[in-house]
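This report describes how two protein chains meet in a structural model. Please examine the sequence and the structure shown here before reading on.

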Amino acid sequence: MGDRAVLVELGDDISPQINQKVRGLYIGTKGHRIKGIKDLVPSYRSLMAVYDPLVISLNSLESKMNEIWNALDDARLPDPRTVEIPVVYGDKYGPDLEWIADYHKMTPQDVIRLHTQPTYQVYMIGFMPGYPYMGEVPDELVTPRRKTPLTHVPGGSVGIAQKQTGIYPVASPGGWQIIGRTPVRLFDPQGKPPSFLEMGDRVKFFVITEQELLRWRP
Amino acid sequence: MAAVEGIEVLSPGLQTTIQDLGRFGFGRYGVPPSGALDSFSLRIANRLVDNPEDQAGLETTLMGLRFKALNDVCIAVTGANLRPQVNQRPLEMWRSHVLKQNEILSFAGPESGCRAYVAFGGKLKVLPLLGSLSTNLPAGFGGFEGRPLQKGDVLHVDSPTLKLAAAGRELRHQWIPEYPSTWTLRIVWGPQDGDFTDKGKRIFINTLYAVSSQSDRTGIRLNGPEIARKSHTAESIISEGLISGSIQVPGDGKPIIILGETVTGGYRKIATVASADLPLLGQIKPGDKIKFAAISLEEAHRALNEMESKIRSSFKTSDHVREQGAGR
């Protein structure tokens, strides 16, 4: 991509298997600390390596990443973490909950039950610092984005878009259907690491009350 | 004995932020580089005041910034000609000066270009976050409290007296960039240029685009005829990594040049601006015209090498002597 990034595509779909391959290549490449790589951005199905062409040539970067890829089957990947995230669903914290329930001809309680059921996989962190793209929501809950994006989605908002669910770390415009809010701080530039979640993590949501939200201490 | 050292902002102008050369290595957490959009000008400004190239300075947009020196400090103004003045007398750009205590530096408005850079001899004292002093405006962190400067802000500069001797350095005149209002940007095709029709690609390369007023530090939006996708392709792609200079074509077929505040995106990228031309992106303003010229990857790397050797030998011989002298 351009004259200072390589995009390694490992599939053409959103799937846990393809994403696992990306995670493997990402962890492998990071572990090699290749001089000249400025940044690595893993996403659903590809890994982007930003490099400094004054330090490393494209050819040698590509051959190094190829070697890492070929050796990957033998490398043991660390097990992903499982993280539980508290959410207040509905009312002012989840203005689209009713709409989604109507859309699927179910009750808001059904939506909450379905959303808290799976253990999601964090496919990538992107769009803004700390924003996790997670999947997949149960088939009954697959919902299109809002027709009109909101100009202000508060930080901590939990949303659904198609098969995915995500959390806005800070206030931002956004088009996802908002069903609830978490008190967990997803991004802290002074934190180590700065992001609460990382690619590959497993996430399970659980229900809390408004009182618990307001009193929540991490 | 040192009283407050630094500057006090009297007026922030349209938008003034603290930026260095960017925040790299946290893309996996969705953290974009931010940083000076015209990195060339910031690097030169730092060299003029005897700072390391990658130190933070001020990036100010179009007009209105005014600040007062709280003590003598060596400064250099580079980038756009926003008609800088000291106590209302014109200040020569691309050259370092001592701004004396209580003198006021102001920017009257654009003559050419979009963003000017001010470097201070010494070091701006703000908290580094994730390895950088750059301001990330969308997420609200870094720089000065994660926001643009406001009236009354006081910026501290570490040990400015050490750098006062650097005053008088200047960039070789032939290398002072000119900022036209019609730009030719060199691009490398891809990564998804194959998803556009041949006619669409011809439109992209032959159109003189107009820069939309909806352009800011996140991206330069262009107005022009629609670039059509091949018929079997969906409107968006599965989100993936982006770099500044990536040229996205969303559903309406109008290109957006991504700047340094984004790390992933879900639209096709028809081309990427060559690294050697990235600093120009910081100087393009609403109403300007843009044309793209395709070059090969090898040509792009050669152009980058040329720019770097230019920066390395950017000062007049006498200044080199002074630079060496300063080290003794």
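In this predicted model, the rule finds one salt bridge across the interface of chain B and chain A. Its partners are A:Arg45 and B:Glu240, whose closest N and O atoms lie 3.5 Å apart.

Several elements of chain B contribute to the side that touches chain A. Strand S16 (240-241), strand S20 (268-273) and helix H4 (297-312) each supply at least two residues. The largest share, six residues, comes from H4(B). By residue class, the side of chain B that touches chain A divides into 22 nonpolar, 14 polar and four charged residues.

The size of an interface is often given as the accessible area lost when the parts come together. Between chain B and chain A, the buried area is about 3300 Å², and carbon and sulfur atoms give 66% of this area. In chain B, the residues that lose the most area to chain A are B:Arg28, B:Tyr29 and B:Ile238, which together account for 23% of what that side buries. The contact takes 40 residues from chain B and 43 residues from chain A.

The table collects values for the interface.

| Item | Value |
|---|---|
| Residues of chain B in the contact | 40 residues |
| Residues of chain A in the contact | 43 residues |
| Salt bridges | one salt bridge |

A residue of chain A also touches B:Glu240, namely A:Ser46. A:Ser46 lies in strand S3 (residues 46-51) of chain A. Is A:Ser46 buried or exposed? A:Ser46 counts as buried because its relative accessible area is 0%, under the 20% cut-off. Beyond residues up to four places away in sequence, A:Ser46 touches A:Leu7, A:Val8, A:Glu9, A:Val22 and A:Val41 as well as B:Glu240. A:Val6 is 40 residues from A:Ser46 in sequence, and their C-alpha atoms are 9.9 Å apart in space.

Within chain B, helix H2 (residues 198-206) has the buried residues B:Gly200, B:Lys201, B:Ile203, B:Phe204 and B:Ile205. What covers these residues includes strands S13 (182-189), S14 (209-211), S17 (246-249), S20 and S21 (289-294) of chain B.

Finally, confidence should be considered. The model scores ipTM 0.93 and pTM 0.92. Chain B has a mean pLDDT of 92, and 95% of its residues reach 70 or more. Over residues 317-328 of chain B, however, the pLDDT is below 50. Where pLDDT is low, the predicted coordinates should not be read in detail.

Methods:
Residues numbered from 1 in each chain as written. Chains lettered and ligands numbered in written order. Predicted model: local features only at pLDDT ≥ 70, side-chain atom pairs only at ≥ 80, totals over all residues. Heavy atoms only, no water. Contact = heavy atoms within 4.5 Å. Buried area = accessible area lost by both parts, 1.4 Å probe. Salt bridge = Lys/Arg side-chain N within 4 Å of Asp/Glu carboxyl O. Helix = DSSP H or I, 4+ residues; strand = E, 2+ residues; numbered from the N terminus. Nonpolar A, V, L, I, M, F, W, Y, C, P; charged D, E, K, R; others polar. pLDDT = per-residue confidence, 0-100. Buried < 20%, exposed > 50% of the residue type's maximum accessible area, 1.4 Å probe, protein only.
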